[in-house]
Amino acid sequence: MTIRVLALDIEGGYGGSSRSLYETLRCLPEGATELQVWCRRKGPIQQRYAEIGICTKVWQNMTHVSALPRLSRNIIAFGQQALAWSRSSAFREALLAAANDVDLIHINHEGLFLLARWLRPRTNVAITAHVRTHLPRSAFASWQYRTLFKAVDRSVFITENERERAFAHARRPARGSVILNVVTPNEVDMPDPRLAKDQRFKVAVLSNYAFMRGVDRMIDVAVALKAADKRNIVFVMAGDMTLKGKLPGRLGEIARKGGTLEDYARAEGVADWFIFCGHVRRPECILQACDVLAKPTREANPWGRDILEGLAAGLPVLSIGCYNRFVEDGVTGVLTPEFDPLDWAERILALSYDKAICAKMGAAGRIRVGELCNGPARAQDLLTLWYSAIDDRIATRSGGIV
């Protein structure tokens, strides 16, 4: 049957969850769904949806919040959420009206858990949610997961790691499935022209700045390369590099002045080792011009949209952690148990001297992600989960037992 689905996207194309939703929706079987997507931000994703015939709306008052590491930051974040909530009445009224015309609402990020909580008693529409991140261990995180699982009919976890962490926080299982993000290998040869003439070995980093993502660690690697007088490496930084939050040391000093990671690189004397591209509409163009992708995560989570895109582009990936479903050390890239800037500098140099091993690992990564993140297969998984959620909701309305 054709089901009517409204998806809620908090990023508008400026982050991995937004890109992942788009890639999945465009791979759904023709005729299986009638789709519309509401975005919190106006951005490049609306044009991409228009190109595949999916209607979008932008609602800037779509409020969202997630648990943070420290109590003080949670108090501030949830206090700001309370103020924003009072200004979101027009959006919530529109959402409630739209719920009467669809079969299912898909919440694309766990940061919308309070909206799911508000919506659940006001409508009998099926609700599903994507769990995409690792929340820090705290009472706020436990409350967030419990609230989300109580409000939705089914949850989607992007890997088993998110599922296990969420269950541990909530201290209860939830109905749902692990469905890996869809990645579609880009077959069009269109490397970013800003990089084409640079003959240095290019290491891509695809991420908006956040401390836990570890993007600033690349400055430390560049400092190690400078000390060794190795100038054949350049780091290509794609994303919003505005420094955010309470940060340590010189990084924090620059952040308090409204600075960026580029300012930090300049202060550390390694600006020549970096190319800052800002947000890019098509990250595959960056990847086609680079030799390696790096994810210097502080969360030891070597997976996510950036890694999948890098593997799909045929690049070896350098990251941190022990989970090797995607980045397998010596096979699809380099996986280190912890971050050491000197070690990372040496490993990057070794890759720059051996293009054959880069090509071999890149080819293996592309095959792996093509099998695990196949678009039609993973989209069908999501469609099946949606059918189950709708069936559950129908049974609930009719007084059946779910």
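Two residues are in contact when they have heavy atoms within 4.5 Å of each other. Keep in mind that this is a predicted model, where local features need pLDDT of at least 70, side-chain atom pairs count only at pLDDT 80 or more, and totals for chains, interfaces and linings use all residues. Residues are numbered from 1 along each chain as its sequence is written, and side-chain values use heavy atoms, with hydrogens and water left out.

Start by selecting R19, in helix α1 (residues 16-25); helices here are DSSP runs of H or I with at least four residues, and strands are runs of E with at least two. R19 counts as buried because its relative accessibility is 10% (buried is under 20%, exposed over 50%, partly exposed in between, using a 1.4 Å probe and protein chains only). Now show its contacts: leaving aside residues up to four places away in sequence, R19 touches R48, R281, P283, E284, R305 and E309.

Next, hop to R171, in the loop between α7 (160-170) and β7 (176-178). Is R171 buried or exposed? R171 counts as exposed, because its relative accessibility is 68%. Check the backbone too: phi of R171 is near 60 degrees, a positive value. Most residues other than glycine have a negative phi.

For another positive phi, select A300, where the value is near 50 degrees. A300 sits in the loop between β11 (292-295) and α13 (305-312) and is partly exposed, with a relative accessible area of 38%.

Last stop: R256, in helix α10 (residues 249-256). R256 counts as exposed, since its relative accessibility is 65%.
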